[in-house]
Amino acid sequence: MSDTEIADIEAAPVKRSTRWHIAVFLAPAFLVYTAVMILPLIETLRLSLFNMVEGQLAFVGLNNFKVLFSDPRLSADFWNALSNNVVFFIIHMLVQNPVGIAIAAMLSVPNLRFAAFYRSAIFVPTLLSFVIVGFIWKLILSPIWGIAPGLMDLVGLKSFFAPWLGKPDTALLAVSLISVWQYVGIPMMLIYAALLNIPDEVLEAAECDGITGWSQFWKIKLPLILPSIGIVSVLTFVGNFNAFDLIYTVQGALAGPNGSTDILGTLLYRTFFGFQNQMGDRSMGATIAAVMFLIILAGVSLYLFVIQRRMRRYQF
Amino acid sequence: MSKARAAPLRTALIHLALIAYTVVALFPVFLTVVNSFKSRNAIFREPMAVPTPSTFSLVGYETVLQQGDFIGYFQNSLVVTVVSIALVLLFGAMAAFALSEYRFRGNTLLGLYLALGIMIPIRLGTVAILQGMVAAGLVNTLTSLILVYTAQGLPLAIFILSEFMRTVSDDLKNAGRIDGLSEYAIFFRLVLPLVRPAMATVAVFTMIPIWNDLWFPLILAPGEATKTVTLGAQMFIGQFVTNWNAVLSALSLAILPVMVLYVIFSRQLIRGITSGAVK
């Protein structure tokens, strides 16, 4: 028996009888969560080790993963989706989070007028559903409607316009930027909250030492908000490696043109559920879900056990 | 916070940048809503203009209301969202109370177990969830969506609510116990009313992903009778892709409820996200 358990018993000497109400309070949440979330997750991981052999579901060990990684038919799709997904994530880290931090930094300037209005307005896209966001941008970027070329004409850049969503080399970048546009609100809000949390004394002390403006942001504020940037990064990571909806609404389940915007979420959907002439395959779907699970688990663990522990936290 | 530093140029630049980004954020929404009220010709000829009496037209909305069962989709979304939120709040608050109020063996472990779902998306279990729903005969029912969304919302709800419940005074609860209140009465009559602000925050956080989700409606309930607004709009737009009036009107209709809720709850939502900032 560990020390904490002993302490527990000593701390609660009065209520010794079975406290049924604790079980009653916990049961509904525990049951729904376990039955609908945890068990299916475990079952999916288990299914990834099984496949049809001569018409019967049989244990095949890691064979599904071997097929996924090296079978000429499937592996090309898988590696393509994985590398697109990595690019998708990198674009978010390079554009969404810095832009979010910049907006938050500007919003947190003391006595800025209309700050609440800017904040609310910039958060609007985050609330819209992917269907709305996907189609609005499809229309705006469409060469038929001419909004984007018309706007570029105003600044004399019309010759640079191209149907970005329709070209294999630019489609992934375009879709990623649409997603960035939608989600900038999240880093903005979290970083904004962290910036407001910095005590005035710290900033005043910095001012007394002659550190103001830009150098104050880089030398004082940025180190103080690093933990929040860490949280934003891990949220971005989980969200990106689990993304599906936006690609599906903008480019369809085939994630065209020519698979150039295919990510793990759309690959999972097609593989598991089937699409057009492709049959749905439960075992391979489960295998892809298992790979996504391992990727997300690895990212979250890296954050929890390595990055978060090394990060310096300041107590005020 | 008090010193207004004399840097008018810097302030002007900041406003300029923020206004520019606000335009970027709102322009697409503006464009959609404005054009949904125009005739087809006007949409193409003058996409940026606001509707004038000569270009005003409701033909898109007429198509949407005639062709798609949007009222039905709205009802489905509303039922799924409201019931899921209610269950998340009730079950989540009960579990959060048990975890924060009582000391029992396995408390920490259970807390960690329930927090797993904050980081691991429920989507990854879809293969087995569908299998289970097929076995239970729940495919193409709103119940299947409600179950999934309840499970999805619980981890964050329990996490946030138990933080708040720790701040409820012990003296109050003990006074209730001395007055002979049962543990259930203490929870429902003393603690729940006190954590209402936190419940509102959790409700808003839970609501947005449920209302906007496309994945589970597509997989678990794609039938005509159980389509949610998000899925209904997606399918409708897919069919009417060349009828721009109808597409823009469908999009505007889908934006409307979210905007109404945002206007009502924005203070709650922003306070929830920035909480901790309020010292």
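Here are a few notes on chain A and on one helix pair in chain B.

1. First, the ground rules: this is a predicted model, where local features need pLDDT of at least 70 and side-chain atom pairs count only at pLDDT 80 or more, while totals for chains, interfaces and linings use all residues. Residues are numbered from 1 along each chain as its sequence is written, and chains are lettered from A and ligands numbered from 1 in the order in which they are written.

2. Chain A has 14 helices and two strands (DSSP runs, numbered from the N terminus: H or I of at least four residues for helices, E of at least two for strands). Its radius of gyration is 25 Å, well over the 20 Å that the globule rule gives for 316 residues, so chain A is more spread out than a compact globule (the radius is taken over C-alpha atoms, and the rule is 2.2 Å times the number of residues to the power 0.38). The C-alpha trace of chain A spans about 80 × 80 × 35 Å along its principal axes.

3. Take contacts in chain A between residues at least 6 apart in sequence: 67% of them join residues at least 24 apart (a contact means C-beta atoms, placed from the backbone, within 7 Å).

4. Over in chain B, which residues make the contact between α5(B) and α7(B)? From α5(B) come Leu114(B), Ala115(B), Leu116(B), Gly117(B) and Ile118(B), and from α7(B) Leu154(B), Pro155(B), Leu156(B), Ile158(B) and Phe159(B). They divide into nine nonpolar, one polar and no charged (Ala, Val, Leu, Ile, Met, Phe, Trp, Tyr, Cys and Pro count as nonpolar, Asp, Glu, Lys and Arg as charged, and the others, Gly among them, as polar).

Technical notes: Contact = placed C-beta atoms within 7 Å.
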